[in-house]
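This briefing goes through a structure topic by topic. The sequence and the coordinates come before the notes.

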Amino acid sequence: MELIFEKSVSGRTGVRVPLSDVPKAAPLADAVRRRDPVRLPEVGELDLVRHYTNLSRRNFSVDTNFYPLGSCTMKYNTKVTENAGGLFASCHPMLALLPGGDKLVQGPLAIVYELERQLAEITGMEEVTTQPLAGAHGEMTGIMVIAAYHKARGDQKRKYVIVPDSSHGTNPASAAMAGYEIVTIPTAPYGDMDLDLFRQAMSDEVAAVMLTCPNTLGLFNPHIAEICAIAHEGGALTYYDGANLNAILGKVRPGDVGFDVIHVNLHKTFGTPHGGGGPGSGPIGVRGDLVRFLPTPRVVRRGDGSYGVEDHPEGIGRVSDFFGNFGIMARAYAYITLLGREGLIEVSEQAVLNANYMMARLKEEYELPFDQTCMHECVFSASRQLEHGVHAIDVAKYLIDRGFHPPTVYFPLNVKEAIMIEPTETESKQTMDAFIEVMLEAARMAKENPERLHQAPVTTPVGRLDETRAARMQQVCCE
Amino acid sequence: MAKFYTKEHEWVEMAGAQATVGISEHAAHELGDITYVELPKIGKSVKQFEALAAIESVKAASDIYAPVSGKVAAVNQALDEAPELVNQGAEFQGWICKLEGVTEAELGALMDAAAYDEYLKGL
Amino acid sequence: MGYCPNTPDDIRDMLAVIGAASVEELFAPIPADLRAKSFDLPPGMSELELMRLMREKAASCGADITPFIGGGIYDHFIPAAVDHLSSRAEFYTAYTPYQPECAQGTLQALYEYQTTICRLTGMEASNASLYDGGTAVAEAALMSLRITDRHKVILDGSVNPLHREIVTGYLHGLSAEAVAVAPDGCASDLAHLMAAIDDETAAVIVQSPNFFGSVQDFRELAQKAHDHEALLIVSCYPIAMGLVASPGEMGADIAVGEGQSLGNPLSFGGPYFGFIATRKRFIRNLPGRIVGETVDHQGRRGFVLTLQAREQHIKRHKATSNICSNQSLCALRGLIFCASLGEKGFGELAQLNYDKAQYAKSVLGAVRGVDLLNDGATFNEFTLALPKDAAEVVQRLLDQGVAAGVPLGQYYPGMERALVVTVTEKRTKDEIDRLAALLEEVLWS
């Protein structure tokens, strides 16, 4: 499809700029004036609307296709929460920071406060801040809080953060952004971080250990409480990556297990749309004695029931401009309020049921490296298909031809040819059955006609793209 | 003089006090289509087995470690424009850099071609 | 209530296939002593009740206040097409385009976005967006440390104070230093900034227009930085790019900024997007996702995420940043906003902001006892010196339904009487005249 720039016709306009009701001002000084106009496309509004409507049709999305992308929790995004989130469009955040301005924005401040309380209860933490703008941003904020904690205790020698080799890449990257060196622990044959190696790695130089629970294999870590205890014994803090929280709502609370800091991905567990790769929202929660290190400012509830904004002088400072991605937070608040206690418990129960059903029906044809009850997702390997020269990516591309978004492939890194399936609770048995049939068909085809899988996809606007060429050419904008 | 190899799949070939360094054919094959080689700065000093350069393909990135200690005397500038030279001949036109001030004594910690072949079989 | 469609019959059949007696049995891997000690939340509600509750909250969100406030976030007009097109579910319920064949919509839009950012900023390579303006400045600072292999940045005091706080926090953990240079009145102190640059300096960070609204020529500063092999980072306000010299024209090596003003609603602080663009030679040092053009096996043009070997999912702790997502949907809104206006419209919009602010300057500057503090050029913001404490004045005007500006005392001790006023195209002449009248009243009655 042509680029919008290629559809540009000089002199054509889309939207009319408002007429001026003030006199024209003297021109801006030459030294600071832009020389040439910004070369933006000149298209009529209908051209514009057709262009982006047609572009949108080149996407798979939750609203159009089953999207079992493991680790991403691609659940249905309820429409009423969209409406609810949009109610605050005209609210200027600076109002809250003006002297006396907080009384004008009691509604949004109440939502920030109440959402923080809801998340604290759901995760078993003392307090929550919604300031981080995405999961990885939450991780970095959480590690900064941990660094502040050690520093406040005069404990300056801790320079390592421990992560399992199955962790999301953001974990080590976030810890590195906060200035730590990384120690990576391999996965043991039982599918979890090797406990003995972890014990050996622990020392008084370790600041924190970061874990995902259930882990990235979709399994509930059997040693999780023990790991927390070992870390605490060595003076390190424990960080809970909330990527997989959707599996355990109302069943387990990271705070009860012994985690000190957590982040939550509102765009996963709490049903806000993924937006083609963002915006997300990554609030963090902490245990009691870490509250003082949370970023500034804090939204507080005063004695008279009103809400205000307070500086948080001992905190790590500011990690984003205001109170976080409020539009996303308002949707998550609406989602939690809509579902309520029983609804949230049902989310996890049905998510786990769906994943186990998927696992039970596919394990005849696909290698299941860890054959045990899974939580909200299951990880297969295409190793049997590989015997016929078919890779996980070939199965993935064939699914596209059959109208399904592929699962996550090649993650986690500790499973060869990984295929990670997370159906989520919002999919019906019938939808999953249809997907399972195509997966089984792909497995048959791997034996009988692998070439068809190698050619896939053939139904999309473009076939497999030359990524090597893209990386070498570095063509990232048009002339 | 013959090539010597590291366990991390670098090779080194010495000529007097100067050595040419690259990655092995095996490593180039494993990485797939190379998209970028981060060449070291000329004049940089490295100790044996320290990070020297880095190499990327579409889906992987890895460090290249110095097979021997020395100072970077020259780099294969052609790789800037044509990183695929590493795929075409990792142990020939796809060399990475030349080190000076190297000593043969350090070769003792490396494998010769036959030993490296054996090592690859064991992987 | 969890939008779970399976019926009791479905559930029974599924459990039979799994070989489990109950759903609860599937949670058996969780040790009993780790079970939740509490889950104290109210019961759910219907859509009707929810919307009633949310509308109650939305009733108190300052919607009836006339805003003359900015501080990095601006009340601009948003064309209707922006909402309609970005609300296409194929855009907003998709995820990261990991499978490019079924994500060409998102990928091409981001490629067009990257092109738009390059053209706005006068740079050569943009990523697919960052979280927000403040973190974009911080990411640019980190990028300059990587490029130069140095550990010090010079941070101009007229950069948005909220952004400066974020930069300082990001640098802190890495044992890198941010050297602050105080502004000279409402302008960047160019002489002191230049004097602070040495061979240890990774970058100088300035903002255009700056927090006080002033617009300055940074060409000489760029030259001085380059003489020391340091970089110039310019944080810019994208709407101003229709009239004010771009970071590229000023000699910047990295341009960043807050993208909210491009078609994203105020929404009490987010979601917005940050942008970052640079010279082509620094492309590998960019953080976050980048979309690149390529072809398929039949030679058809297509778009993919590229240069991924920089990123956390491959390079883990050695990645250029920990960032995983971008703000795709917000960036899409920015793109559609720019394409709606087009070359001519974008210039007109910037001119209109400038004209209205110039008018406001003349009217407000004429209020008894009020002085204009900016010496040189401004775009759509300017700083007034009031004869009284600005925070007090703002508070009193809020009661009259007007947010008169951002008082500077809380950010710049000693400037308690200074007020930054913002005038976008949405403010009418009547609103500006009313502000002047109210100001006169509050100051003198």
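A nonpolar core is a set of buried Ala, Val, Leu, Ile, Met, Phe, Trp, Tyr and Cys residues joined through C-beta atoms within 7 Å. A residue is buried if 20 or more other C-beta atoms lie within 10 Å of its own, exposed if 12 or fewer, and partly exposed in between, with C-beta atoms placed from the backbone. In the largest such core, of 318 residues, Ala141(C), Val204(C) and Ile233(C) touch the most other members.

The model is predicted: local features need pLDDT of at least 70 and side-chain atom pairs count only at pLDDT 80 or more, while totals for chains, interfaces and linings use all residues. Residues are numbered from 1 along each chain as its sequence is written, and chains are lettered from A and ligands numbered from 1 in the order in which they are written.

**Nonpolar cores**

- Leaving aside residues up to four places away in sequence, Val204(C) touches Ile154(C), Leu193(C), Ile197(C), Leu221(C), Ala225(C), Ala230(C), Leu232(C) and Ile233(C); two residues are in contact if their C-beta atoms, placed from the backbone, lie within 7 Å.
- Another core, of 33 residues, lies apart from the largest one and has Tyr5(B), Val86(B), Trp95(B) and Cys97(B) among its residues.

**Contact between chains A and C**

- On chain A, 172 residues are in contact with 173 residues of chain C.
- Helix 11 (residues 326-362) of chain A gives the most to the side of chain A that touches chain C, with 22 residues.
- That side of chain A divides into 92 nonpolar, 50 polar and 30 charged residues; Ala, Val, Leu, Ile, Met, Phe, Trp, Tyr, Cys and Pro count as nonpolar, Asp, Glu, Lys and Arg as charged, and the others, Gly among them, as polar.

**Chain A overall**

- Chain A has 16 helices and 12 strands.
- The radius of gyration of chain A is 25 Å, close to the 23 Å that the globule rule gives for 479 residues, so chain A is as compact as a globular protein of that length; the radius is taken over C-alpha atoms, and the rule is 2.2 Å times the number of residues to the power 0.38.
- Buried residues make up 61% of the 479 in chain A.
- UniProt, in an unreviewed entry, places the feature "domain: Aminotransferase class V" at residues 145-271 of chain A; such annotations may be inferred rather than shown by experiment.
- Over residues 145-271, chain A is 32% helix and 21% strand.

**Leu245(A)**

- Leu245(A) is found in the loop between strand 5 (237-242) and helix 9 (254-257) of chain A.
- Leu245(A) counts as buried because it has 28 C-beta neighbours inside 10 Å.
- Val264(A) and Thr269(A) are touched by Leu245(A), not counting residues up to four places away in sequence.

**Sheets in chains B and C**

- In chain B, 7 strands form an open antiparallel sheet in the order 5-8-9-3-2-1-10; two strands pair if DSSP finds at least two bridges between them.
- Strand 5 (45-46) and strand 10 (111-112) are the edge strands of the chain B sheet, each pairing on one side only.
- Ser45(B) stands opposite Lys71(B) in strand 8 of chain B.
- In chain C, 7 strands form an open sheet in the order 2-8-7-6-5-3-4, with mixed pairing.
- Strand 7 (residues 254-258) and strand 8 (residues 274-278) of chain C run antiparallel and are joined by 5 bridges.
- Ala255(C) stands opposite Ala277(C) in strand 8 of chain C.

Terms used. Helix = DSSP H or I, 4+ residues; strand = E, 2+ residues; numbered from the N terminus.
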